[in-house]
Amino acid sequence: MSLREFPGLLRQLPQHKPWMITIGVISVVVVLAACSFGSFLMLKDDGQPTGLPSDANVQRRDISTREGDSTPLTVADIFPDTQIPAADPSLPPYTMVGKPQAGKDCRYAANREVQRRLGDANCSQYVRASFLSSDGKYFVTAGILNLPDMPSATDFQTQLQQLAATADQGSLTIYVPDTDKYPTLPSANSYLAADVRGHFLIYAVVVRKNGSDMQPDEPGAKVVVYDMLETYLSNAVTKWSEVKPPNVPSAGASSHPGSSATGSTRPSTSG
C-alpha cells in the first residue's frame, strides 16, 4: 500500500472519522517516545538504575584476617539500636532484652567442650545481645566472635557443627541478662546456627520463650535465624568493612568481667 492510498483507507474504516484515528496514532507515538526517554533516564548512569541504591562507590577493607582488621568491634558497631526490623516488613521488630555484652574472653560465650575449643581458637573478642522475636515466641542471642582469620573461623565453625551433633559436648550459649525474669531459658534446649564472614564467626542461638523443647527442624527458629543471622548480622559485618572517614568517634564497648549465662543445643544446667 502506498502513502497515497493511506487517507483513502482511513475513510473506509467503519464508524471512525479520519481525524480521530490520526489523533490516536499521534498519541501512541507520543507515549512510546515518553517511555523510551524514561528508560534512558533509569539506565543512563553506566547501566545502574538511578532510582535504586548502589554501593559501587563504597570502599571496603579486607577483613579476611584480624591482622589487617585490627580495630576491635564495639557494641555500638553491631547493636546500635534496641529494635531490629524483621525481614518481613509487615511484622513487628525484634526487641532487645537487657543490655548487649562484649568482652575479650570468648569462653564466656560457650560451655563445655565448645568453650575449651573456643579458648584454643585464639578468639580475641565476643559481642552479643539477646532479643524477643517478632511473634514473641522465641528468645534469640545474636553474636559475633573475632577470630584470627577466615580459615580459623571456618575451622571453628566445622568443629562447632561436629560438637553440636554429639551429646553433652556443649554449644555457643544463650545469653540471658535477667535470669530472674527468664529462669528456664539458660537450661532450655536450643537451636544454633553459625556462619563465617571474613575473620568473624556470626551466630544465633534460639530458644522458645516458654523454655519448652525445640524441634530439630523447627520452622519458627529458621525464620529467626534468617532475620538475625543471614540478614542482620551479615549486614552488620558488611557495614563494618566499609572504609570510614578519619576521626569518626565510635562508642566504646560495654565490657563485663564474667557471665553466668548458659545454654546449649541440648538441655544443660551448667556452663
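Colleague: Which residues do ring pairs link into a cluster?

Modeller: A pair of aromatic rings is described by the distance of the centres and the angle of the planes. Rings of Phe, Tyr and Trp (its six-membered ring) pair if their centres lie within 6.5 Å; planes under 30 degrees apart count as stacked, over 60 as edge-to-face and the rest as tilted. Here, ring pairs join F79, F131 and Y232 into a cluster. The model is a predicted one, in which local features need pLDDT of at least 70 and side-chain atom pairs count only at pLDDT 80 or more, while totals for chains, interfaces and linings use all residues. Residues are numbered from 1 along each chain as its sequence is written, and side-chain values use heavy atoms, with hydrogens and water left out.

Colleague: How many aromatic pairs does a search of the whole structure find?

Modeller: The search finds three. One of them, F79 with F131, is tilted, at 5.9 Å centre to centre and 45° between the planes. F79 lies in the loop between α3 (75–78) and β1 (83–84) and F131 in strand β3, so this pair ties together parts that are 52 residues apart in sequence. Helices (H or I, at least four residues) and strands (E, at least two) are DSSP runs, numbered from the N terminus.

Colleague: Why is the pair of F79 and Y232 called stacked?

Modeller: Their ring centres are 6.2 Å apart and their planes stand at 20°, so the pair is stacked. Because Y232 belongs to helix α6 (residues 219–240) and F79 to the loop between α3 and β1, the pair ties together parts 153 residues apart in sequence.

Colleague: Are F79 and Y232 buried or exposed?

Modeller: Buried means under 20% relative accessible area, exposed over 50%, and partly exposed in between (1.4 Å probe, protein chains only). Both F79 and Y232 are buried, and F131 is buried as well.

Colleague: Where does the charged end of R61 sit?

Modeller: A charge sits over a ring if NZ of Lys or CZ of Arg is within 6 Å of the ring centre and within 35 degrees of the ring normal. The charged end of R61 sits over the ring of W240, 5.1 Å from its centre.

Colleague: Which strands pair with β4?

Modeller: Two strands pair if DSSP finds at least two bridges between them. Nine bridges join β4 to the antiparallel strand β6 (residues 200–208), where V207 stands opposite F139.

Colleague: How many residues of β4 are buried?

Modeller: Nine of the nine residues in β4 (residues 138–146) are buried. Y138, V140, A142, I144 and N146 point one way, whereas F139, T141, G143 and L145 point the other way.

Colleague: What lies around Q125?

Modeller: Contact means heavy atoms within 4.5 Å. Beyond its neighbours within four places in sequence, Q125 is in contact with residues including P72, L73, I144 and N146. Q125 is found in strand β3 and is buried, with a relative accessible area of 8%.

Colleague: Which residues other than glycine have a positive phi?

Modeller: Among them are R112, with phi near 50°, and N122, with phi near 60°. R112 lies in helix α4 (residues 112–120), and N122 in the loop between α4 and β3.
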